[in-house]
Amino acid sequence: MSYTHLTTFERGKLETLHKLGWSARRIAKEMGRHHASISRELNRNSQSSYTAEAADQAYRIRRESSFPRGKFTKELRLTIEEKLKRTWSPEQIQGRLGG
């Protein structure tokens, strides 16, 4: 079974059921999710109370910052272009740059 993130719709349903006083296990069963996923979502996004809008916004911010920046820079691009103009092969460039 693969993991999928909660959707905006699911967060809205979670907010409603949580406000009705349902337990994390009961909510999870209703939504077809694992109870630990629901519990983590509530703990991660509940400062005073859980709101779907704030939880979704926090999720999107965390998602944006979770992607690796990568090693390719403008300086690296210029170095590669310079070596190619000097007729270096890609293998030579890779060997020299330690890639």
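Visitor: What space, in Å³, lies in the largest pocket?
Guide: The largest pocket holds about 190 Å³ of space. That volume is the space filled by probe spheres set on grid points, which are joined across faces, edges and corners. The model is a predicted one, where local features need pLDDT of at least 70, side-chain atom pairs count only at pLDDT 80 or more, and totals for chains, interfaces and linings use all residues. Residues are numbered from 1 along each chain as its sequence is written, and side-chain values use heavy atoms, with hydrogens and water left out.

Visitor: Which residues line the largest pocket?
Guide: The lining consists of Tyr-3, His-5, Leu-6, Arg-11, Arg-33, Ser-37, Arg-40, Glu-41, Arg-44, Tyr-59, Arg-62 and Arg-63. A pocket is an open set of points on a 1 Å grid over the protein atoms alone, where a 1.4 Å probe fits, with protein on both sides within 12 Å along at least five of seven lines; a lining residue has an atom within 4 Å of a point. Helices α3 and α4 (52-66) each give two or more residues to this lining, and α3 has the largest share, four residues. A helix here is a DSSP run of H or I with at least four residues, numbered from the N terminus.

Visitor: What classes of residue make up the lining of the largest pocket?
Guide: Three are nonpolar, two polar and seven charged. Asp, Glu, Lys and Arg count as charged; Ala, Val, Leu, Ile, Met, Phe, Trp, Tyr, Cys and Pro count as nonpolar; the others, Gly among them, are polar.

Visitor: Why is Leu-6 called buried?
Guide: Buried means under 20% relative accessible area, exposed over 50%, and partly exposed in between, with a 1.4 Å probe and protein chains only. Leu-6 has 9%, so Leu-6 is buried. Leu-6 lies in the segment before α1. Beyond residues up to four places away in sequence, Leu-6 touches Arg-11, Leu-14, Met-31, Arg-33 and Glu-41, where contact means heavy atoms within 4.5 Å.

Visitor: Which residues form the largest nonpolar core?
Guide: This core has 10 residues: Leu-6, Leu-14, Leu-17, Ile-27, Ala-28, Met-31, Ile-38, Leu-42, Tyr-50 and Ala-55. At least two residues come from each of α1, α2 and α3 (35-44), and α2 supplies the largest share, three. The term nonpolar core covers buried Ala, Val, Leu, Ile, Met, Phe, Trp, Tyr and Cys residues joined through side-chain atoms within 4.5 Å.

Visitor: What does Ile-38 touch, not counting residues up to four places away in sequence?
Guide: Ile-38 touches Leu-14, Ala-24, Ile-27, Ala-28, Met-31 and Arg-33.

Visitor: What makes Leu-20 exposed?
Guide: Its relative accessible area is 60%, which is over 50%, so Leu-20 counts as exposed. Leu-20 sits in the loop between α1 (8-19) and α2 (24-31).

Visitor: Why does Thr-87 count as exposed?
Guide: Thr-87 has 67% relative accessibility, so Thr-87 passes the limit for exposed. The residue belongs to the loop between α5 (74-85) and α6 (90-97). Thr-87 also has a positive phi of about 65° although it is not a glycine. Most residues other than glycine have a negative phi.

Visitor: Where is Gly-95 found?
Guide: Gly-95 is in helix α6. Its relative accessible area of 59% is over 50%, so Gly-95 is exposed.

Visitor: What is the mean pLDDT of the chain?
Guide: The mean is 92, and 98% of the residues reach 70 or more. pLDDT is the predictor's confidence in each residue, from 0 to 100. Among the elements, α2 has the highest mean (97) and α6 the lowest (91).
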